[in-house]
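I opened the model to look up how its parts meet. My entries are below the display.

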Protein chains: 2
Amino acid sequence: MSSAEPRTPGPDHLWSVDEHLADVLATVRPLEPIELQLLDAQGCVLVEDVMVPLSLPPFDNSSMDGYAVRVADVSGASEEFPADLEVVGDVAAGAADPVRVGPGQAARIMTGAPLPPGAETVVPVEWTDGGLGEGPVSGMRARSLAPEGATGHVSVYRPAEARAHVRAKGGDVKAGDRALSAGTVLGPPQIALLAAIGRGTVRVRPRPRVVVLSTGSELVQPDEQLGGGQIYDSNSFALTAAARDAGAIGYRVGAVADDADTLRSTIEDQLVRADLMVTTGGVSVGAYDVVKEALSHVGDEDEPGAGVEFRKLAMQPGKPQGFGTVGPDHIPLLALPGNPVSSYVSFELFVRPAIRTLMGLQDVHRPTVRARLNADKALSSPRGRRQFLRGAHGDGEVTPVGGSGSHLIAALAQADALIVVPEDVETVEPGAEVEVILLG
Amino acid sequence: MSSAEPRTPGPDHLWSVDEHLADVLATVRPLEPIELQLLDAQGCVLVEDVMVPLSLPPFDNSSMDGYAVRVADVSGASEEFPADLEVVGDVAAGAADPVRVGPGQAARIMTGAPLPPGAETVVPVEWTDGGLGEGPVSGMRARSLAPEGATGHVSVYRPAEARAHVRAKGGDVKAGDRALSAGTVLGPPQIALLAAIGRGTVRVRPRPRVVVLSTGSELVQPDEQLGGGQIYDSNSFALTAAARDAGAIGYRVGAVADDADTLRSTIEDQLVRADLMVTTGGVSVGAYDVVKEALSHVGDEDEPGAGVEFRKLAMQPGKPQGFGTVGPDHIPLLALPGNPVSSYVSFELFVRPAIRTLMGLQDVHRPTVRARLNADKALSSPRGRRQFLRGAHGDGEVTPVGGSGSHLIAALAQADALIVVPEDVETVEPGAEVEVILLG
C-alpha cells in the first residue's frame, strides 16, 4: 500500500492502483454496529468482547448413560461378584431436583443429566445388567416401554473411580472468561458457543447493502430480443453476484440509459437502500459518458468533500475509474468502466475490499500466491501500467486464459485467478514466477 | 472410500466412518433440477450444456471513443500534416442504424458502438483535435453540453491500420460454441457470461432445504432463564449455520422435548419443507433417547426400505448415529449425537457431504492436508476408533485446541481444522505428520 494522500493529485494525475485503492479504503468506514439475532449474524464481525455469564457446563453432569453411585459401593465389583444396588429412580437430562443417592443405592442417569446429590461417580450402563438380572447389557430399555427400569435393583460389574464419566461444572468455560473477542467473524462454531452461553442476540457490523447499476443505451435485459447495435446487460448481474459473494446484500438495478437526468434520479432513488453504490460504464472520454456528467451533482451540491472524482489509473484493464460519495449521507460510490472484464477486475481490486471494510473485516483482500507462468509464449504488458490477466491456477502454476481484451467475457468464466504484471515489466517469459490473485 | 454394501451389516456391526459415509452418499441423490433466474442460481450447479445462441460481440464495434474513418483518409496523417475530415454524425452505443462514412468523412464513435458502414478503422479521440481546431485533446465534450461536436470537421494526427480499435463480431464467443458445460458451479463470472449471451434463466439443481432440530428436555432457548439441570440449546443454531455455510437453505426448528409423540409429529410437520432433515441428541443407549424410538415410524410404516437405522460408529466423538429416510417421499434424515462437539464433527463428516451431493456438486468433501503436529505431549487415541480432534492450522503445522471431550464447545470456536487420528493409531508424537481436515 502506498502512502498516497487521498484526493490531492490534480486532474491530470495518472493514479497507481495502490493510490486509488488507498483513497477508497481511506474513505470507506466500517458500518455502525447493530444487535442481530444469532443466525442473522452469521458471517458478520463481532464488535464487542463477549464474556461468559455462566460456567459451562453449568453443573456437574454425566457424560454417559448409566448409574450414578457412590465409589465405595462399587469398589470391589466384578462380573463374578457384582455390586447389587437399589435403584432409587431416574435422573433424566433437564432434571431440576434429582433424587438423592444414599449408601447402597444407585440412580439411573442419562447423558447430560446433573450428578444427583450423594452420588460420587457414574458407571456406564454397559458395565451393569441394566436392572434386568441377565448379565451385561448394551443399553437401557426406553423409559416409555419399560418404566420399571427406574426402580428395583441393578448389578454393577466394574468399579469406577471418583467422578468417572462426570463432566465438571465449568470444565468447558468459566463465568467471567472471555468467550469471543471483538473482531471475531461469526461462523457456525462461534454461533454454537454464543448460543451455549445463552446469547440470543449479538452486536455486529451488518452486511452492507450494495446497489449495482449498469449504464448504457445499448443494454438489453437477457431473454429479450436484441436490436441492431444492442448487447445484453451482463455487468449488473455479475457485480450483484460478486457483491453477494463478498458478503454483501446485493441489489441489482437494471441497466440505465445514457441520459444524465435519468441516471441522477435513479441513483437518488436508490440511495435509501445503499451503503455502497456501484455503477458500470460511462466513465471514459466519450461524448455519451453520462456517469461523469451526472455524478458530480447528486443531492449534495453544497456539501464540502462530497462528489465523485473521475481519474485515469495506471492499470489494464480498468483505466477509467470514478470514486467519491453521493447524497446527503455521503454514500461511497465506485464508478467502474463498462467493459465486462474491466468492471469485473475493478470490482475485485476496489469494490470487494470496500465491501469487506464496511463489514469491519481485518482481511479485506483476496489471497495472493506466487506461481510459475505456464504459457507457450511470453506475455507482453504495457509499460507503466499494472496488467491483470485472467488465468487458471493449480499445482504452483498459472495458465493464461483468453487474451488481454477487456471484452472477453467467455475467457473470464474459465478463469479462477488474476495474473499480475507489474508496472515496470513489459515481458514475462514462460516459466517465470508471477504474482497471482486467487479468485476463490 | 470403502466398498461397503449399504445397510447389510447386522445390528451389532461397528460401522467404520467410511462405511457410514458410503451408506449416506449411496442413499442421497442430487435434487431434481429447476429453472431459476440467474441471480437465484448463484452457487448452484448447471445441469445443461449451455450453447451460445449469438456471437459475442454480436457486431463489429469500437473499443475506443474516437472517430470511425477510412484507412486511406488517415494514412499520411501527422501532427504537422493532419488529415482533415468531415464529421457526418455520432455513432453512440446502441445505435441501430448508424450513419454511413464516405471518403473524406468521419463519424464520431463511442466505445461499444457498431462500426458504421463505410468505416474501416477507428482513431481514438486522443489522436485528434476532437473537432475543436485547437490541437490534440484528451477526450470528447459531452454531447449534452456540446451537440455541435457531432458535426463540422475533425483533424486526425495519426494514421490507423485497418480494423484498429475494432472488436470483431464473434471475437469473444461464436454462435454454436459451448458457453458452459453441465456440472459448472455458477459464480459471478459464469453468471456474467450467461447474461451476456442473453440467458435470463438457467436450469440448475436448487439449494437443498435442510431442517435442523435439536432434542432434549434439558434445552432452553438463549436469552431465557436457565432452571436447575438445564442448558442452552446450541446445536440447532450451530447446525443451521453450518447447513447454510455448506450451501443449503437452513431452517432451524427449536429444541424438541424428549417425548416420542411430540418429536414424531414435529418431524411430520416439517417434512413439507425438507430435502434433508438433521436431528441432534437422543441416539445413544439411554432410557430417554426418544429419537430412536420415534424415528423408525414416521409416516411410512408400510414403505419398504424406509425408516431410520441406529448404529455405532468406530469414531470419536460421534459414536452413536442414525441414518435413513422418513415420510412418504423418503426424505433423508441424519440423527446426530447430542453433544455439541459430536454433532458438529458429525455434521462436517456426514451432513455436509450429503448437502453437497443434493446440490449435485462433484467435490463434496472439505479439503485435507498433511501437517506437522505441534504439541507439547503425544496425542492419545482409542484403538479401533478414528479420532477427530480440534486444531488450529497454519504454516504446515497443526496445534490441538482444547481436549478430546465432546462437550468442549469453547475450544471448538477457536479451531479451524480437525486432526484425524486413524483407527490403528493410539499415539501421535509431537512433530509427527497427521492428516488435517480444513474447516474453511
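**Conventions.** I am working on a predicted model, in which local features need pLDDT of at least 70, side-chain atom pairs count only at pLDDT 80 or more, and totals for chains, interfaces and linings use all residues. Residues are numbered from 1 along each chain as its sequence is written, chains are lettered from A in the order in which they are written, and side-chain values use heavy atoms, with hydrogens and water left out.

**Chain A against chain B.** I looked up contacts (heavy atoms within 4.5 Å) and found 85 residues of chain A touching 85 residues of chain B. The buried area (accessible area lost on putting two parts together, 1.4 Å probe, summed over both) is about 6400 Å², with 63% from carbon and sulfur atoms. On the chain A side, A:L39, A:V285 and A:Y288 lose the most area, together 10% of what that side buries.

I then searched this interface for salt bridges (a Lys or Arg side-chain nitrogen within 4 Å of an Asp or Glu carboxyl oxygen) and got 0.

**Domains of chain A.** I took the bounds from an automatic or database domain assignment. Domain 1 covers 14–31 + 206–358 and domain 4 covers 368–438. Their C-alpha centres lie 25 Å apart. The contact takes 15 residues from domain 1 and 16 residues from domain 4. Between them, these two domains bury about 1400 Å², 62% of it on carbon and sulfur atoms. In domain 1, A:A314, A:Q316 and A:V341 lose the most area to domain 4, together 40% of what that side buries.

I counted 1 salt bridge between domain 1 and domain 4. I also looked up the pair A:D18 and A:R386, whose side chains meet in a salt bridge at 3.1 Å, N to O.

**Helix 3 of chain B.** Helices here are DSSP runs (H or I, at least four residues), numbered from the N terminus. B:G198 follows the helix and has a positive phi, near 90°.

**A:T266.** I placed A:T266 in helix 5 (residues 260–270) of chain A. A:T266 counts as buried because its relative accessibility is 15%. Leaving aside neighbours within four places in sequence, A:T266 is in contact with A:L213, A:V253 and A:V256.

Key:
Helices (H or I, at least four residues) and strands (E, at least two) are DSSP runs, numbered from the N terminus. Buried means under 20% relative accessible area, exposed over 50%, partly exposed in between (1.4 Å probe, protein chains only).
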